Amino acid sequence: MFFDTHAHYDDAWFDADRDDLIASLPEGGVELVMNCGCDRGSSEASVALGERYDSFYAAVGWHPHDAKTWTGESPDLIREWAKHPKVKAIGEIGLDYHYDKEWKALQFEVLEAQFCLAEELDLPVIIHDREAHGDCMDFVRRHPNVRGEFHCFSGSAEMARELLDRGWYLGFNGSVTMQGARRAIEVLRMMPSDRMLLETDCPYLAPMPRTDGRRNDSRKLRRVAEFIAEILGTTPELVAAVGMENGKRFFHIP
């Protein structure tokens, strides 16, 4: 069984069939899902999904794309959401210079506030890092008491080694199956298995080959596990079991 440690089932792409799809996940081999917030609305929706479905947990926070919606009220909202037993992390947070580099100063401010909240609340963080490796690592170094995960890891082996030495986890999804994923494959081969998290980032990043459309969902985590198993010379079942154990440990799920 699989633990999808990063999903966005609140996304509008699921509006037409959300309940039916979620009901089908166990049959597709999916036991647990972590739904990640990106702003106030999606964080509230993530908590609501956790309340509605036993298999769902929630992460709450402000994505760098949504840094412009951060307000003075936002820290108190995160503190309030964190009281909920299904809330297990602050995320998806981070830095993104691909689309939003002009908002760099604001992204820094919002990320710093959320790292401080992670320390205060003793919650792990889920980091979005797109074309911002150096600056994201600076945050990690300045906050040695924060533990977390770089989701959809795209950094170098050297970056991975530092994160692993600091006790962080790395997330892998359908992007590893795509052409040009050489660095992610190199990292998978060198890292200890007990720091690997499996994720989809659905509805985004559907694994190759995309034989049934571009919308991703947690059932396609099997294809990610099959690909990783081929790289590591093991079985998809063992990859799934390791991913489940790691995810439960990381998010403190019994």
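Which residue in S7 does Glu149 stand opposite? The structure is a predicted model, in which local features need pLDDT of at least 70 and side-chain atom pairs count only at pLDDT 80 or more, while totals for chains, interfaces and linings use all residues. Residues are numbered from 1 along each chain as its sequence is written, and side-chain values use heavy atoms, with hydrogens and water left out.

The residue opposite Glu149 is Tyr169 in S7. Strand S6 (residues 148-150) and strand S7 (residues 169-172) run parallel and are joined by two bridges; strands count as paired if DSSP finds at least two bridges between them. Strands (E, at least two residues) and helices (H or I, at least four) are DSSP runs, numbered from the N terminus.

Eight strands make up an open sheet with parallel pairing, in the order S1-S2-S3-S4-S5-S6-S7-S8. Strand S1 (2-7) and strand S8 (196-198) are the edge strands, each pairing on one side only. From one strand to the next, the twist averages 30 degrees.

Helix H5 (residues 133-142) lies across strand S4 (87-96), strand S5 (125-130) and S6, at about 155 degrees to S5. Helix H8 (residues 221-232) packs on the sheet and touches S1, S7 and S8, its direction making about 110 degrees with that of S1. Angles run from 0 to 180 degrees between N-to-C directions, with axes fitted to C-alpha atoms, for helices over the stretch in contact.

Ala89 is found in strand S4 and is buried (under 20% relative accessible area, 1.4 Å probe, protein chains only), with a value of 0%. Beyond its neighbours within four places in sequence, Ala89 is in contact (heavy atoms within 4.5 Å) with residues including Val60, Leu123 and Phe251.

Technical notes:
Buried < 20%, exposed > 50% of the residue type's maximum accessible area, 1.4 Å probe, protein only.
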